[in-house]
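The sequence and structure come before the details.

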Amino acid sequence: MSIETGYQPKRVDALNWHARAAIGELLSIHSSDPAAAPAMRVVVLTRRNLEDQWLPLIMAIRASNAMVTWSSSVLSGLADLAERFGQWLTFADSTSPASRFATLNNEDLMHELYVAGHLNTRGDGKGSIAERIDGGAPFWSDEFADLAAELAVRVAIDERFALRLIDEIDQHPLAAVAIGHADFPLAFSQAALPGLLESGRWWSGVHVEAIENAMLHVLTASPAAALDLLGDSAVLAALAGAKTLDPTIARDFVRAGLYDAIEADRARLIDGWGVLENLTVLADGEFDDGFHRGLAQGVADSMFGYVATLAYGIGAGIDNDAIRIHIDSGDSLGVLGDRDAVANLFGTVMRGADARVTMGVVLGAYTDRVINDLGATIVDRTGVESIARLGLLLRDGLNDEQAELTLAAAAETARRQRIGDLIGFGAGSWMSASGVGVVTRTVVSQAVSSAMDLGSKGAPDDIVDMSFGSTTYRGIQLSVLRYVHDHPDAHADLAVDRVSPEQWAEVGRRLDAIASKPDGAIGEGLIHDLDNLIANSIPALDSLWKQFAGNGDMTRLKENGRRTKS
Amino acid sequence: MPGHQAIELRLRAQRLHQLASRIEASLVMSLERHAGTNTWRGRRPLLCVNLLRHNQAQLHAEVDGLRWQAYLFDQRAARLDLAAALQPGRAS
């Protein structure tokens, strides 16, 4: 699949006006009512997304033809010409009409490739090939696109030439760099990538640039192909241990394979779990400092899709049980690993601060999702304890209190965002890969800020326990109370119909205050006061909470008990 | 005569309704009409439009939430009025 790229200058001008008007209008929307706080957060989030994502792209287009930095730069002249006449600009046809390379036989073309690669790898300090092209360097700005285009044609029509190039890709990484500058078949990028990754030449700039170009091609053209590659344990190990790979590209690649591919084809879910199983084995090896940052972040992003099945698989037992994976509550698909190994997997993923916070966001979103899904059956069905089990699994993967604090703050911030709809694959089909990233990034910035605030304050008094277990336990409690408060139709089923309207009003007021003032919720003891109100004055609610809070995993969570490793 | 708390709840409900209507009618809810494939095409424009649709879905959900919260406020106000009316001799 190739994506045609282009724009209509006059329509982009109009879009610029409409986007700015929308931003201005969103800026003018205000409400100081605590009950409107969630809506106002989404209003602000939407405005920021327009400011951060839309405007820079629109500005870049209006300033030049720079909408697609990854497309062929030889089209700049064409773009200028078209813009002058207000025509539709398209970047899809990037083949030059003729070049001197078209007249060469395969041997001579390989020689040209060798010479060009040799020139680049001499280490003359002139930067990457992309920089040379942008900088107008001789050969790179006027001939490399022709060489790339000829290689693409030759690969597409001559299977023997393609196989030879793939076989020798380690010696000719420039051929893979060319992928970013011409219309190569996807199969070539797929076939070239393992050899490039497994060569381990992370010190070679052209090598890394080749890998990044091939990865970009695969992830934009076919998430399914990205998943196929991640399913190769050697490729996965190379990615996990990559030294200099662009973290954004690695993250997008992993997310394309682990999330987008499954969303497009649920039959591939088994392959996604296979990748996680391989990562579990890898984490048991030489990754004490964590996986490559981009891979870790891509795995964390993708957990929105996998977390419900994972939590279901953790099971009731906590002592070194194998974590079995069941798809759609059906038969067991297989074993992801024993509990220690899976905790170690997520611990390795969460060595990176960004991935750690994203995992916190996943936990917070899962909390919201579970409680809203359970609804009035919250007492009768197991479910709430799965949040506790997941929280304990993640916590056990971490090895320092600061990391636990960040994880807890991210989970709590995300829980308040009420983003349970992000959990799953099918349910989140409206959410693009970038959507996960943007939501996560927004929550991350708030969560990290909260975590830093909490960390700098320390424990204000003995009323407030800010540990991971206590924070997660409190979060579950508040979500349950919020659900019960907001669903009067469920009060009879939950045996809280004798709670008076005044008491509900008071509980609602305090929940609103906690939601709108999270810092005060801790520092000023608002949660503590709510606990006391329920325990002392509303026995029906107190009884409801005790029914499921007495579960072993919930108790362990509340007491922040860390299991001893066997 | 309604009590102060009931009046305040109804006022809050009214403002939440107004906020919901304002968000629903805002320009951002129809911005995608100007950002179709006849305006721009490619991976980054596609990501922008997908992100916008995600935000629009969130805003629609929040609009529903605001109206539900306003309904709850009105219900609570009605219950407070009823409770006040059932207490003979109590001045509002």
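**Strand pairing across the chains**

Strand S1 of chain A (6-7) and strand S1 of chain B (residues 40-41) are joined by 2 bridges and run antiparallel; strands are DSSP runs of E with at least two residues, helices are runs of H or I with at least four, and both are numbered from the N terminus. Strands pair if DSSP finds at least two bridges between them. The model is predicted, with local features needing pLDDT of at least 70 and side-chain atom pairs pLDDT 80 or more, while totals for chains, interfaces and linings use all residues. Residues are numbered from 1 along each chain as its sequence is written, and chains are lettered from A and ligands numbered from 1 in the order in which they are written.

**Interface of chains A and B**

- Tyr7(A) has Trp40(B) in S1(B) as its bridge partner.
- Contacts (C-beta atoms, placed from the backbone, within 7 Å) link 42 residues of chain A with 35 residues of chain B.
- On the chain A side, at least two residues each come from strand S1 (6-7), helix H1 (9-27), helix H2 (37-63), helix H20 (433-457) and helix H22 (501-516).
- That side of chain A comprises 26 nonpolar, 12 polar and 4 charged residues, where Ala, Val, Leu, Ile, Met, Phe, Trp, Tyr, Cys and Pro are nonpolar, Asp, Glu, Lys and Arg charged, and the others, Gly among them, polar.

**Chain A overall**

- Chain A contains 26 helices and 4 strands.
- Of its 566 residues, 48% are buried (20 or more other C-beta atoms within 10 Å of the residue's own, all placed from the backbone).
- Among contacts in chain A with a separation of 6 or more, 76% involve residues 24 or more positions apart.

**Helix packing in chain A**

- Helix H12 (residues 233-240) and helix H14 (residues 269-283) of chain A have axes that come within 10 Å and cross at roughly 55 degrees; axes are lines fitted to C-alpha atoms over the stretch in contact, with angles from 0 to 180 degrees between N-to-C directions.
- By class, the contact of H12(A) with H14(A) has 6 nonpolar, 2 polar and no charged residues.
- The axes of helix H13 (residues 247-264) and helix H15 (residues 293-314) of chain A come within 7 Å and cross at roughly 25 degrees, which makes H13(A) roughly parallel to H15(A).
- The contact of H13(A) with H15(A) has 10 nonpolar, 6 polar and 4 charged residues.

Conventions
Contact = placed C-beta atoms within 7 Å. Buried ≥ 20, exposed ≤ 12 C-beta atoms within 10 Å, placed from the backbone. Parallel < 35°, antiparallel > 145°, perpendicular 65-115°, else oblique.
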